[in-house]
Amino acid sequence: MKNLKQSILISLWFIFLTFPLMVIRVNTVEQEVEWRWMNMAFIGVGTFVCSYIWRYLMARKEKGGNEEESKISWHQTLTTEKKYAIPAAALILVIAFIFPHIVTEYRINTMISALIYVVLGLGLNIVVGLAGLLDLGYVAFYAVGAYSYALLNHHFGLSFWACLPLGALLGAFFGILLGIPVLRLRGDYLAIVTLGFGEIIRLILENWNEFSFGPSGIANISNPTFFGQEISRSGGILFIYYLMIALVIFTIFVVNRLQNSRLGRSWVALREDEIACQAMGIDRMKTKLAAFALGATWAGMVGVIFAAKTSFINPASFTFLESAIILSIVVLGGMGSILGVILAAFVLILLPEELRAFSEYRMLIFGASMVLMMVFRPQGIIANVRRSYEYHGLDRAEEAK
Amino acid sequence: MEYFFELFLGGLTRGSIYALIALGYTMVYGIIELINFAHGEIYMIGAFTALIVASLLTMAGMDGMAVLALSMVVAIIYAGAYGFTIEKIAYKPLRQAPRLSPLISAIGMSIFLQNYVLLAQTSDFLPFPSLIPEFSFMEPYEHVFSSSELVIVVVTAVSMLVLTYLIKFTKMGKAMRASAQDRTMAMLAGINVNRIISTTFIIGSTLAAVGGVLIASHIGQINFYIGFIAGIKAFTAAVLGGIGSIPGAVLGSLVLGWTESFATGYVSSDYEDVFAFTLLVLILIFRPAGILGKTKTQKV
Amino acid sequence: MLKIENIKTFYGNIQALKGVTIEVSEGEVITLIGANGAGKTTTLMSISGVVPPRSGEITFKGEKIHKKSPDEIVKMGISQVPEGRRIFPGLTVMENLEMGAFLRTDKAGIKEDLEYVLELFPILAERKGQAGGTLSGGEQQMLAISRALMAKPKLLLLDEPSLGLAPLIVKRIFDIITKINQEHNTTIFLVEQNANMALQVAHRGYVMENGAITLVDDAKKLAANEEVKKAYLGI
Amino acid sequence: MADKVLDVKALTKTFGGLKAVDSVDLDVKKGEIVALIGPNGAGKTTFFNCITGIYTPTEGDVLIIPPGEDPERINGLKPNKITSKGMARTFQNIRLFGNMTALENVMVGCHCRTKANIIGAIFRGPSTLKEERETIQKSYDLLKEVGLTEFVNEQAKNLPYGAQRRLEIARAMATDPFLLLLDEPAAGMNPQETRDLDELITKIREDYELSILLIEHDMKLVMNISDRIFVVDYGKKIAEGTPREIKDNPAVIKAYLGED
């Protein structure tokens with residue numbers, strides 16, 4: 001009874017709250033008013049239902065996540081036990097290989113986009129997920145990569161293969177350039193400075209016509225070549241698809257190794273407690289810089305591929321919104337979790353493409369899910385689980401004594 | 001010299017608007033140490049609400065100051081309500097969470113609200129009626145300082161004075177300061193801190209709405225995206241002055257307003273936003289505590 | 001008057017209180033002693049509702065309070081002088097005192113109590129307009145006690161009032177505590193590390209170890225107890 | 001004095017006019033356990049923070065003399081530099097890496113004694129693999145030393161309180177210090193845990209041949225294990241000597257018992 005009353009009140013409150021924006025639409029030119037009373041009903045019913053769900057989730061959250069954590073979940077088994085991991089990986093690989101031959105070119109294109117976001121997500125995951133540095137201007141490094149290929153190709157005719165490492169290097173260079181002054185800053189200030197930096201890069205690209213051709217961008221960027229051979233347009237798409245698959249595999253490989261290395265551990269430690277970290281002899285700046293630069297390297301690299309894929313780029317592709325999308329991939333996937341980030345990238349990028357009606361609401365849902373995730377499941381879809389180490393050798397040595 | 005004055009007054013107007021928004025950032029940051037990313041969106045929603053109300057009233061045959069006053073009041077009420085609701089949904093459940101969680105939640109809320117307005121209304125720029133009347137006594141100065149600019153500066157100044165009084169001398173204001181300085185102690189003194197936080201959000205939001213209505217009327221058009229840039233700039237101003245400090249927010253806003261005004265006037269108008277962002281980056285790097293802020297030492 | 005029954009309190013996953021039971025009668029001065037980190041402060045914070053217990057019950061004058069919010073608890077007449085004094089540094093001495101009386105609306109009563117605390121600690125009257133943060137440690141402690149008294153508490157919780165203060169000032173503070181107890185019949189719950197001093201002013205004492213009560217007795221008897229002597233009276 | 005490992009001379013730290021530490025001299029000799037005691041708020045932790053680089057001392061010298069090396073002044077060095085020079089610490093309010101396992105916590109401690117870089121991490125060459133194996137081995141051994149083998153793969157935040165304190169010691173030991181600084185290691189422990197800690201500290205000193213400087217409130221522990229004790233009050237040193245001498249020192253009794 002109490003719940004019902006509360007839900008009705010919440011529903012009424014939201015009807016009030018959304019009334020002017022959802023119900024009324026004025027056309028100031030024609031002097032007409034459009035009244036959309038249906039929306040009011042939607043809001044009323046919707047928030048009424050949502051309030052129940054909210055209460056249920058809140059109660060569940062408060063009852064404690066302790067039990068949940070101790071359970072060994074399917075994904076953990078899948079990624080750690082060789083028995084399952086190898087066949088699963090093989091299956092995915094086969095599907096990935098066949099995929100472009102059984103779908104339309106359009107589908108391949110969207111899949112490439114999704115793969116690009118997978119790599120971007122994994123790259124940002126190093127910075128945000130592992131090292132705990134909230135970078136809101138990640139897209140700037142992506143832009144650096146894309147423009148470096150576009151410009152070098154336009155002015156000097158440099159090939160894709162020459163630009164791929166150059167883009168990565170330039171990404172890293174900019175990462176270090178920005179990182180040195182700003183990494184001393186506290187978490188939330190760092191977020192704002194990186195955001196500012198991202199916007200500065202975009203605004204410069206938009207306004208410095210002599211350098212970047214302004215808002216109209218650069219067109220006719222060459223397709224990649226295959227051992228010096230020109231590839232046809234459709235062949236080019238196929239080629240980029242396989243290239244992306246290779247890059248995703250390479251990225252997973254690298255991130256996975258980094259995660260369980262001396263460096264990776266120091267990133268996680270830094271995220272957990274900076275002061276204790278320093279007391280362990282870890283150089284805070286150097287370690288942060290490594291994470292920042294490495295994340296930027298990946299963004300630069302994917303930027304080059306993005307430019308090659310679309311053969312046209314302009315500053316509009318590198319807005320703050322793009323950074324926010326990449327960030328939400330990392331957040332929704334589960335900070336620090338490779339599998340989670342991959343899943344989130346697929347869900348967030350492919351779903352809107354598949355459900356056209358849904359795509360209008362895409363950003364709305366992104367925003368809402370970022371809030372809801374933080375409130376109800378801050379660890380993301382798939383929580384990152386630290387690796388366990390085994391000591392067969394040690395125990396046996398013990399017994400022998 | 002006249003050009004200089006024009007830029008100076010232009011900067012003053014700009015700075016006044018920034019100040020109205022920056023106060024919301026600074027008050028919220030002062031009390032819960034959160035950059036309320038969605039604050040710019042409140043400003044935008046305030047402007048949209050005012051536009052709708054003003055249009056309805058105009059169509060109903062009303063005009064003059066009454067339209068301005070009524071739409072301003074409705075915008076303030078709605079902005080306050082949005083501020084209150086946002087805090088309850090996106091920040092209150094995260095009081096105990098690690099620092100980055102509410103920040104991410106705030107970014108999510110900002111994206112959500114932008115797209116909510118985009119879908120509920122339109123993605124186009126909407127013309128905004130100029131609600132502020134032209135005063136006849138301003139006519140001789142119209143070429144350097146318009147009536148609406150005068151109104152902006154005066155309204156901002158009055159808002160500042162009211163806010164300062166509120167915070168310095170009322171019991172509520174003292175409780176706000178107490179909660180900002182030591183939340184646990186405020187609770188122990190019997191202050192309902194959650195209510196104080198809600199109040200802070202409401203006050204900040206109403207100021208943003210005032211800013212939104214004034215600037216929309218001055219510039220003459222709005223869209224769903226105006227909150228983002230204005231929000232970032234106002235945040236820059238708050239940081240510039242020293243986040244958490246109310247006089248700092250005003251001072252920072254004026255400095256930013258003049259910087260932008262003079263830089264676009266004497267250097268180049270293409271890079272208006274670049275100046276603001278560069279200023280932000282430079283301040284955070286060289287003086288993160290801002291002009292009037294104090295650095296805190298971390299406890300070990 | 002106050003009954004704490006088997007409360008268990010957690011900070012995240014760490015259990016700070018492992019079933020604490022304490023009883024305080026009206027007009028009494030009781031003390032809770034124990035080592036750093038034993039859970040004394042947590043006990044007070046649980047009573048005040050800042051860190052509510054996960055299980056167990058707290059009743060005050062027959063009413064359950066363990067689910068109430070801190071402001072409701074203050075309203076019922078429990079106020080706390082927390083560890084480290086926690087003066088609002090940017091508020092003046094007067095404003096700090098005003099905050100102590102935040103929930104009260106009886107103007108005349110507030111004025112009366114203000115006069116009473118200024119009489120208790122005349123130095124505060126001299127410092128009226130000064131910011132709380134500029135006071136010395138001893139003055140801050142006096143202000144903290146006065147601020148708590150401004151709420152007109154029936155039960156006063158004091159957390160380490162002697163912390164970091166010179167012996168002479170500690171003695172004065174303890175004298176005042178006794179005075180408050182006698183003059184206003186205010187019940188006092190004192191948490192201390194300075195066990196010697198605390199057991200001198202208290203009627204009864206509780207010894208806390210590792211989140212649980214290990215000893216309860218008359219203050220005099222506790223002070224004479226060999227174990228307590230060795231562990232807490234030091235040296 | 002040839003066998004000193006830490007020599008602090010006239011160390012002063014002021015915070016806005018307030019002298020938190022006022023011209024304190026202190027030294028630790030090789031193989032010694034030295035305790036720094038004093039009432040709450042006497043400036044002990046500030047002293048620790050000054051010598052471990054978290055604060056920069058206002059005045060005075062902090063000299064370290066690693067065994068077999070020349071004295072070196074370490075004022076104002078960054079904490080990580082000081083740690084890599086051989087001085088490790090624990091914290092009063094436990095600062096573990098909560099979401100990492102116990103073993104990983106100790107492995108992070110090995111950081112400054114290992115070298116693998118980005119390239120090594122990605123390609124896992126033989127030297128990196130060997131180093132990684134050694135790190136695991138060493139960390140495991142340290143966990144065994146402090147008696148935490150049952151918690152190896154447990155997240156640090158889920159460990160019982162006493163175990164967290166011991167894990168902090170193991171993590172500090174992983175940096176191969178010649179001087180270990182313990183900030184209230186017994187805080188919040190019950191008498192049994194404190195007795196175990198007592199044994200652990202003595203054992204660590206024997207097994208690893210190091211010197212220990214600790215801040216502690218638990219008098220029993222301090223009296224049991226310390227070779228020498230320094231007492232501070234109001235930022236000033238008021239006494240130093242063996243446990244026996246300290247017990248009978250009137251200044252100390254006054255500071256602790258608060259009698260006039």
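Modeller: Of the 235 residues in chain C, 56% count as buried (under 20% relative accessible area with a 1.4 Å probe, protein chains only). This is a predicted model, with local features needing pLDDT of at least 70 and side-chain atom pairs pLDDT 80 or more, while totals for chains, interfaces and linings use all residues. Residues are numbered from 1 along each chain as written, chains are lettered from A and ligands numbered from 1 in written order, and side-chain values use heavy atoms, leaving out hydrogens and water.

As for the fold, chain C contains 10 helices and 10 strands (DSSP runs of H or I with at least four residues, and of E with at least two, numbered from the N terminus). Its radius of gyration is 17 Å, close to the 18 Å from the globule rule for 235 residues, so chain C is as compact as a globular protein of that length (the radius is taken over C-alpha atoms, and the rule is 2.2 Å times the number of residues to the power 0.38). The C-alpha trace of chain C spans about 45 × 40 × 35 Å along its principal axes.

Contacts tell you how chain C folds back on itself: among those with a separation of 6 or more, 69% join residues 24 or more positions apart (heavy atoms within 4.5 Å).

Technical notes
Buried < 20%, exposed > 50% of the residue type's maximum accessible area, 1.4 Å probe, protein only.
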